[in-house]
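User: I'm new to reading protein models. Could you walk me through this one?

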Amino acid sequence: MTASKLLSINTPESWKAGDPLELTLYGVKATFRYCPPGTFLMGRPEDDEDDEDAEDGCEVGVQHEVTLTRGFWLLETPVTQALWMAVTGKNPSLFRGAYARPIENVSWYECNEFVRKLNNAKVAPDVLFDFPTEAEWEYACRAGTTSRYNCGDELTENNANFNRIIGSSTPVKSYAPNAWGFYDMHGNVWEWCSDWYGDYPRKPTRDPQGPKEGVTRVVRGGCWYYFAFLCRSDSRNNYISFSRFGCGFRLALRSLS
């Protein structure tokens, strides 16, 4: 990261939603997109229920107002196999053969160790790599939209990789990005968040971090294997931290200044 970029990352007033920040991590180029402070409605309206929800037990949360008081950067794609291998020297993915595919088949603990290695490498001062919170993930996924998906109220094979249409993960950027430049927020791989899983608050909240403890962690975005309604912007799921099938994640980047 150059000195000019270090200066700009600590002057958030100069950043707009979706502005890119390009870093080189262990020799691999990674582009982050800026998410400004803001307020949005998180969760699902009570009068909006997919037909399949009741049959599959789809996890949904009561819609509530969330305010994020600090901006953050989020990787524009899920972490790729190329970046994971550069940092860890390993590739546990089930679907290999293209390093542009997202890393998958990784547990929350393995992702946490990946984040720890990046931070210990001291890529730049005043910068912290992290998981996104569940609220940050949905905020970035929506990118200002209020529809079921960031591409509208219907998800098709032209928008995302889901429901075993292809039968495996696909290289990142295979589908169009959302309004803030984020790819693969729907389908391809589940994305681990920092939060323990728990009920949403029913009142407006600021910078929610999830429960202080729990049994399972939140995953978001759906997967190449699962139905469209599990890929919705407001759908949530939870796995024990050792779970791996279909799971990857997306790096967040924070300024500590």
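User: What pLDDT does the protein chain average?

Analyst: pLDDT is the predictor's confidence in each residue, from 0 to 100. Here the chain averages 91, and 91% of the residues score at least 70. Over residues 53-57, though, pLDDT stays under 50. This is a predicted model, where local features need pLDDT of at least 70, side-chain atom pairs count only at pLDDT 80 or more, and totals for chains, interfaces and linings use all residues. Residues are numbered from 1 along each chain as its sequence is written, and side-chain values use heavy atoms, leaving out hydrogens and water.

User: How many residues of helix α5 are buried?

Analyst: Buried means under 20% relative accessible area, with a 1.4 Å probe and protein chains only. Helices are DSSP runs (H or I, at least four residues), and strands are too (E, at least two), numbered from the N terminus. In α5, residues 134-142, nine of nine are buried, including Glu136, Trp137 and Arg142. Just after α5, Ala143 takes a positive phi of about 50°.

User: Where does Ala252 lie, and which residues does Ala252 touch?

Analyst: Ala252 sits in strand β12, residues 252-255. Ala252 counts as buried because its relative accessibility is 0%. Contact means heavy atoms within 4.5 Å. Leaving aside residues up to four places away in sequence, Ala252 touches Phe32, Trp73, Leu74, Leu128, Phe129, Asp130, Phe131 and Pro132. Take Asp130: Ala252 and Asp130 are 122 residues apart in sequence, yet 5.0 Å apart in space, C-alpha to C-alpha.

Technical notes: Buried means under 20% relative accessible area, exposed over 50%, partly exposed in between (1.4 Å probe, protein chains only).
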